[in-house]
Amino acid sequence: MRIARIAHPGGVAFVTVDGSGDDLVAREVADHPFGTPTYTGKSWPMADVRVLAPILPSKVVCIGKNYADHAREMGGEPPADPVMFLKPSTSVIGPNAAIKLPADSSRVDFEGELVVVIGRPCRDVTAAQAKSVILGYTIGNDVTARDQQKADGQWTRGKGHDTFCPLGPWIETELDPADLAISTALDGEVKQDSRTSLLLHDVPKLIEWVSRVMTLLPGDVIMTGTPAGVGPMTAGQSVSVTVEGLGTLTNPVEAR
């Protein structure tokens with residue numbers, strides 16, 4: 001099941017997305033997308049609505065250096081344990097919304113990632129239990145002001161600007177994340193090309209690791225890390241992250 005969040009002529013709604021190709025239809029879900037959906041009876045062609053970020057998380061938990069090749073391109077060896085940091089909820093935007101480049105950064109990078117969406121409150125989840133707390137998966141871009149990240153030594157400023165967490169286009173509830181193709185293209189030129197089977201710490205391990213530290217709430221997301229090939233974006237460009245089984249998340253880039 002594909003769960004999206006849309007703006008339609010009457011407001012904003014969670015929907016499930018049916019169909020394929022150019023014939024996608026959004027069916028409005030009553031209340032929230034967690035559990036078995038109850039439908040209102042309203043529906044719209046997806047071509048007639050605006051797709052928003054599929055979820056508004058209370059927190060965005062990110063994992064750094066979770067592909068060995070990316071750890072090495074950043075100048076270090078792969079870490080033995082997951083490296084965890086947070087993005088603020090205010091960094092979240094949806095498909096086709098602009099990534100805004102801050103004036104005080106000279107380099108802002110794309111980082112395409114597979115994203116896990118949590119489906120119920122949980123803490124101290126074992127890797128074996130992890131599947132039971134997952135709502136589904138979406139695509140993310142861990143946009144990073146690289147110069148600020150390096151200058152600060154910790155990553156809050158460089159990772160936390162408004163618009164620095166594109167998510168979308170929807171949540172897929174029936175997906176095996178073990179070995180999916182993942183790629184990022186800048187103005188149509190592929191810059192990142194990898195597979196999730198190369199994650200150093202897989203999804204169950206990440207949920208176990210994160211939930212030891214903090215309670216995860218429905219709608220919280222875990223960004224699983226980015227492969228090698230990260231690089232800068234400039235105003236006027238467009239960045240697209242594609243994950244097998246999920247589709248493509250595209251965002252234009254603008255100066256703030």
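Guide: Let us begin with a single residue, bearing in mind that this is a predicted model. Burial is judged by relative accessible area, with under 20% counting as buried. C165 has 0% relative accessibility and therefore counts as buried.

Visitor: Is C62 buried or exposed?

Guide: C62 is at 1% relative accessibility, so C62 also counts as buried.

Visitor: How many disulfides does the model contain?

Guide: The test is a distance: two cysteine sulfur atoms must lie within 2.5 Å. The count under that rule is zero. For C62, the nearest cysteine sulfur belongs to C165 and is 6.2 Å away, so by the 2.5 Å cut-off C62 is in no disulfide. C165 is likewise in no disulfide, its nearest cysteine sulfur being that of C62.

Visitor: Which strand pairs with strand 14 in the parallel sense?

Guide: Strand 8, residues 92-93, pairs with strand 14 in that sense over two bridges. Here V92 has C165 as its bridge partner.

Visitor: Which strands run antiparallel to strand 14?

Guide: Strand 1, residues 2-8, is antiparallel to strand 14 and joined to it by two bridges. Strand 12, residues 134-141, is also antiparallel to strand 14, with three bridges between them. E172 of strand 14 stands opposite R2, and Y137 also stands opposite E172.

Visitor: What does the record say about residues 1-54?

Guide: An unreviewed UniProt entry annotates residues 1-54 as "domain: Rv2993c-like N-terminal". In the model, this stretch is 0% helix and 54% strand, and its end C-alpha atoms are 13 Å apart.

Visitor: How does one read the buried side of a helix?

Guide: An α-helix has 3.6 residues a turn, so residues three or four places apart point the same way. In helix 4, residues 203-213, the buried residues are V203, L206, I207, E208, V210 and S211.

Visitor: Against which strands do the buried residues of helix 4 pack?

Guide: They pack against strand 6 (60-64), strand 7 (83-87), strand 11 (112-118), strand 12 and strand 17 (221-223).

Visitor: Which residue caps the N-terminal end of helix 4?

Guide: The cap is D202, with a side-chain oxygen 3.1 Å from the backbone nitrogen of K205.

Note on methods:
Residues are numbered from 1 along each chain as its sequence is written. This is a predicted model: local features need pLDDT of at least 70, side-chain atom pairs count only at pLDDT 80 or more; totals for chains, interfaces and linings use all residues. Side-chain values use heavy atoms; hydrogens and water are left out. UniProt positions are given in the numbering used here, feature names are shortened, and annotations may be inferred rather than shown by experiment. Helices (H or I, at least four residues) and strands (E, at least two) are DSSP runs, numbered from the N terminus. Two strands pair if DSSP finds at least two bridges between them. Buried means under 20% relative accessible area, exposed over 50%, partly exposed in between (1.4 Å probe, protein chains only). Contact means heavy atoms within 4.5 Å. A polar contact is a pair of N or O atoms within 3.5 Å; within protein, one must be able to donate a hydrogen and the other to accept it, and residues adjacent in sequence count only if both atoms are side-chain atoms.
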